[in-house]
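Me: I'm new to this one and would like a close look at a single part: the inside of the fold. Could you walk me through it?

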Amino acid sequence: MLGFGKQRTRFGRWLDKQEDINQLGLEQATNLSRHTISRLCNDKKYIPKFSTVHKINRGLKRLKKDVKVEDFLQM
């Protein structure tokens, strides 16, 4: 049962809707830890460092996704 009872951020909900990538794939494309990707998808109070945002944007570009993580963050 995917998504049952999860508190997800906007980025986490967007990532759940993608059929070709998941958190593990994003982790491998960005070279970030599983904990960092999980916090970005689940913790609404988490504000990542600029370097983390840059790595995620670069990883999304490698996965051929034309989005920026800044669009999902509420800074």
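Reply: Here is a walk through the core and some residues around it.

First, some ground rules: this is a predicted model, where local features need pLDDT of at least 70, side-chain atom pairs count only at pLDDT 80 or more, and totals for chains, interfaces and linings use all residues. Residues are numbered from 1 along each chain as its sequence is written, and side-chain values use heavy atoms, with hydrogens and water left out.

Let's start with the largest nonpolar core, which has 16 residues. A nonpolar core here is a set of buried Ala, Val, Leu, Ile, Met, Phe, Trp, Tyr and Cys residues joined through side-chain atoms within 4.5 Å. Buried means under 20% relative accessible area, exposed over 50%, and partly exposed in between, using a 1.4 Å probe and protein chains only. Those with the most contacts inside this core are Phe11, Trp14, Leu15, Leu40, Ile56 and Leu60. H1, helix H3 (34–42) and H4 are the elements that give it two or more residues. (Helices are DSSP runs of H or I with at least four residues, strands are runs of E with at least two, and both are numbered from the N terminus.)

Take Leu40 from that list. Leaving aside neighbours within four places in sequence, Leu40 is in contact (heavy atoms within 4.5 Å) with Thr9, Phe11, Tyr46, Pro48, Ile56, Val69 and Leu73.

Now for the rings. Rings of Phe, Tyr and Trp (its six-membered ring) pair if their centres lie within 6.5 Å; planes under 30 degrees apart are stacked, over 60 edge-to-face, and the rest tilted. That rule gives three aromatic pairs. One of them is Phe11 with Phe72, edge-to-face at 5.5 Å centre to centre and 65° between the planes. Phe11 sits in helix H1 (residues 10–17) and Phe72 in the segment after helix H4 (50–62), so this pair ties together parts 61 residues apart in sequence. Both Phe11 and Phe72 are buried, and together with Trp14 they form one aromatic cluster.

Thr30, in helix H2 (residues 23–30), is also buried, with a relative accessible area of 3%. Its side chain reaches the backbone oxygen of Leu26 at 2.8 Å. Beyond residues up to four places away in sequence, Thr30 touches Ile37, Lys55, Ile56 and Gly59.

Finally, Thr52 lies in helix H4 and counts as buried at 11% relative accessibility. Not counting residues up to four places away, Thr52 touches Leu32, Thr36 and Tyr46.

How values were computed: Polar contact = N/O pair within 3.5 Å; in protein donor to acceptor, adjacent residues only side chain to side chain.
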